[in-house]
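Here are my notes on the model, as numbered points. Please read them with the coordinates open.

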Amino acid sequence: MVEEKKTEIKKAYKIVHDRDICIGCSACASVCPKYWEMEDDGKSSIIGHEKTGNGEEEVLGSNEEALTQDYEGNLDAAESCPVNCIHIFEIDKNKEEKKIL
Ligand code: SF4
């Protein structure tokens, strides 16, 4: 039997969650429970997030210290969100961001 190895896509990125818009459907937490959890107020949060100071906005990773693991899982979470309140930004070598979703 040939074993197929899944190659993880390595990207530098950060996640932004516009929590004001979150409707608490829990899709993100189902798709990517390593990074997403449901809170007592019925909305989701990024595990280990920081608040940006703009209302309920949460971030994980930054242009200076980008995430490098689990890109696909978080992209899946963002794609699963019915109200598009999860945003993924890729960070390039010059620490410039490009919005993917
Ligand atoms: S998928 Fe979107 S709307 Fe649903 S809980 Fe997650 S962030 Fe909120």
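Two strands count as paired if DSSP finds at least two bridges between them. By that test β6, residues 86-91, pairs with β7 over three bridges, and the two run antiparallel. Keep in mind that this is a predicted model.

1. **Sheet order.** The sheet is open and has five strands. Their order is β4-β5-β1-β6-β7, with antiparallel pairing. The edges are β4 (50-51) and β7 (97-99), each of which pairs on one side only.

2. **The β1-β6 pairing.** These strands run antiparallel and share five bridges. Ile 15 has Ile 88 as its bridge partner in β6.

3. **The β1-β5 pairing.** On this side, β1 pairs with β5 (residues 57-60) in the antiparallel sense, over four bridges. Val 16 stands opposite Val 59 in β5.

4. **Burial of β1.** Is this strand enclosed or open? Five of the six residues of β1 are buried, so the strand is largely enclosed by the rest of the structure.

5. **The β4-β5 hairpin.** Two bridges join these antiparallel strands. Lys 51 stands opposite Glu 58 in β5. Five residues lie between the two strands of the hairpin. Gly 53, in the turn, has a positive phi of about 95°.

6. **Gly 55.** This glycine is in the loop between β4 and β5. Why does Gly 55 count as exposed? Gly 55 has 9, so it is exposed. The C-alpha atom of Gly 55 is separated by 8.8 Å from that of Asp 18, and the two residues are 37 apart along the chain.

7. **Helix α2 on the sheet.** Helix α2 covers residues 71-80. It lies across β1 (13-18) and β6. The angle to β6 is about 145°.

8. **The nonpolar core.** The largest nonpolar core has 19 residues. Those touching the most other members are Cys 28, Trp 36, Ala 77, Ala 78, Cys 81, Ile 86 and Ile 88. At least two residues of this core come from each of β1, α1 (27-31), α2 and β6. Strand β6 gives the most, with four residues. In soluble globular proteins, nonpolar side chains tend to be buried together.

9. **Ala 78.** Leaving out residues up to four places away in sequence, Ala 78 touches Ile 86, His 87, Ile 88 and Leu 101. Two of these, Ile 86 and Ile 88, are named above among the core residues that touch the most other members.

10. **Phe 89.** This residue is in strand β6. Is Phe 89 buried or exposed? Phe 89 counts as buried because 20 C-beta neighbours lie inside 10 Å, and the cut-off for buried is 20 or more. Beyond four places in sequence, Phe 89 touches Tyr 13, Lys 14, Val 16, Glu 97, Lys 98, Lys 99 and Ile 100.

11. **Positive phi at Ser 26.** Ser 26 is not a glycine, yet its phi is positive, near 70°. The residue lies in the loop between β1 and α1. With 16 other C-beta atoms within 10 Å, Ser 26 is partly exposed.

12. **Positive phi at Asn 84.** This is another non-glycine residue with positive phi, here about 55°. Asn 84 is in the loop between α2 and β6. Asn 84 is exposed, because 11 other C-beta atoms lie within 10 Å.

13. **The ligand shell.** There are 14 residues around the ligand. Which come nearest? They are Cys 22, Cys 25, Cys 28, Ser 44 and Cys 81. The shell divides into nine nonpolar, four polar and one charged residue. Cys 28 and Cys 81 are also named among the core residues that touch the most other members.

How values were computed
Residues are numbered from 1 along each chain as its sequence is written. This is a predicted model: local features need pLDDT of at least 70, side-chain atom pairs count only at pLDDT 80 or more; totals for chains, interfaces and linings use all residues. Two residues are in contact if their C-beta atoms, placed from the backbone, lie within 7 Å. Axes are lines fitted to C-alpha atoms, for helices over the stretch in contact, and angles run from 0 to 180 degrees between N-to-C directions. A residue is near a molecule or strand if its C-beta atom, placed from the backbone, lies within 6 Å of it. Ala, Val, Leu, Ile, Met, Phe, Trp, Tyr, Cys and Pro count as nonpolar, Asp, Glu, Lys and Arg as charged, and the others, Gly among them, as polar. A residue is buried if 20 or more other C-beta atoms lie within 10 Å of its own, exposed if 12 or fewer, and partly exposed in between; C-beta atoms are placed from the backbone. A nonpolar core is a set of buried Ala, Val, Leu, Ile, Met, Phe, Trp, Tyr and Cys residues joined through C-beta atoms within 7 Å.
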